[in-house]
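Here is a short briefing on one protein model.

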Amino acid sequence: PSFIDLNSNVGMPEVERPKSKTRDGAVHWNYSIHPELDAAAQYSFDEKGTDALVAKGFGFAMTHTDNGVAQGTGTFIATNDTEEARMTSNNTPSYFSFSRGKSPQEYPSSQMGSIALLRQAFYDAKWYAENKEELNLSYEALLNQQNGTMIFKTRDDLELLRAAKIADEFGFEFVYLGSGEEYQSISEIAELSPTVVLPLNYPDAYDVQNPYVARQIPLSDLKHWEMAPSNARILLENDVTICFTSNGVKAKDFWSNIRKTIAHGVSEADLLKALTTNPANVLGMSDDLGTLEKSKWASFTIYDKNPLQGPAKILEAWS
């Protein structure tokens, strides 16, 4: 069955830094908080990006603009260029992060500032709901998004735990875009029972032939190179639900890293679930996607051999 990517930027325009430091209109005052942005209004067909998804076995992607603290909602696309490619999932996610993005404003200038800004935005939206006197599109969007799937991008395991504290404070349940470093805080993360979308961009081996150069490589970097391919297995062993994203990985590296993940202890069945049924569950689309069954959408890829076991050629891709 066609894979489903919850973290894509295909078809999204490049973000430009605003020239004015003052944000006008019925929106939040800070450029990093723009939950009212809808990826569906920005999406345009990207043949090169779509072909890259097909080469990795993906038939569907939730695409969005990765910019700012509150980034707005994504849009669900199929990997073809017809008008029907832009679809509506049962649960269109909204995206968040601790990164300020391309903003001309000085605040936030640190992760602590991003945390404070996001928490204040959620509190302001709560106050707005109870005391609304005039329209604010940002707060309206934040309130609506709290009823759906909220996906939080993290850059390391500690960011995931910090985001989880915000979720607990406001009664949210985030799906996390992981960093690949979750194994470093596995006990704390396992207690959250989250869904984590894992990257497949494992670090390359370091050249340690020169002893003088080798001394400059931090031990933590060497350890991460060793442990990164085992991250998915460690999460599964601790009953954490995982998905995989192909974002930032070339097709050749995607498939080699898939096989490396299997070699480090993830079964083919669990790996396929992380690419098909698990993301379908996140989107509330299990009745349509994720498996090859009667009455589901006929989206699948045919290979000349098992691509999970070795290099394979795509014979047909149906969408």
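The points below are grouped by topic.

This is a predicted model, in which local features need pLDDT of at least 70 and side-chain atom pairs count only at pLDDT 80 or more, while totals for chains, interfaces and linings use all residues. Residues are numbered from 1 along each chain as its sequence is written, and side-chain values use heavy atoms, leaving out hydrogens and water.

**The six-stranded sheet**

- Six strands make an open sheet, ordered β3-β6-β7-β8-β9-β10, with mixed pairing.
- β3 (70-73) and β10 (241-244) are at the edges; each has a single partner strand, so one side of each lacks a neighbour in the sheet.
- From one strand to the next, the twist averages 25°.
- Strands (E, at least two residues) and helices (H or I, at least four) are DSSP runs, numbered from the N terminus.
- Two strands count as paired if DSSP finds at least two bridges between them.
- β8 (residues 174-177) pairs with β9 in the parallel sense, over three bridges.
- Within this pair, Val-175 stands opposite Thr-195 of β9.
- Helix α5 (residues 157-170) lies across β7 (150-153), β8 and β9, and runs at about 165° to β8.
- That angle is taken between N-to-C directions, on a scale from 0 to 180 degrees, with axes fitted to C-alpha atoms, for helices over the stretch in contact.

**The β11-β12 pair**

- β11 (residues 300-303) and β12 (residues 314-318) pair in the antiparallel sense over four bridges.
- Phe-300 stands opposite Trp-318 in β12.
- Thr-301 and Tyr-303 form the covered face of β11, while Phe-300 and Ile-302 form the uncovered one.

**His-34**

- His-34 sits in the loop between β1 (3-8) and α1 (39-42).
- Its relative accessibility is 6%, so His-34 counts as buried (under 20% relative accessible area; exposed is over 50%, partly exposed in between; 1.4 Å probe, protein chains only).
- A polar atom of the His-34 side chain lies 3.0 Å from the backbone oxygen of Asn-67.
- Leaving aside residues up to four places away in sequence, His-34 touches Arg-23, Asn-67, Gly-68, Ala-70, Gln-71 and Gly-72 (contact means heavy atoms within 4.5 Å).

**Tyr-206**

- Tyr-206 lies in the loop between β9 (195-198) and α7 (211-214).
- Tyr-206 is partly exposed, at 33% relative accessible area.
- Tyr-206 touches Ile-217, Asp-221, Leu-222 and Trp-225, again not counting residues up to four places away in sequence.
- Glu-159 is 47 residues from Tyr-206 in sequence and 26 Å away in space, C-alpha to C-alpha.

Conventions. Polar contact = N/O pair within 3.5 Å; in protein donor to acceptor, adjacent residues only side chain to side chain.
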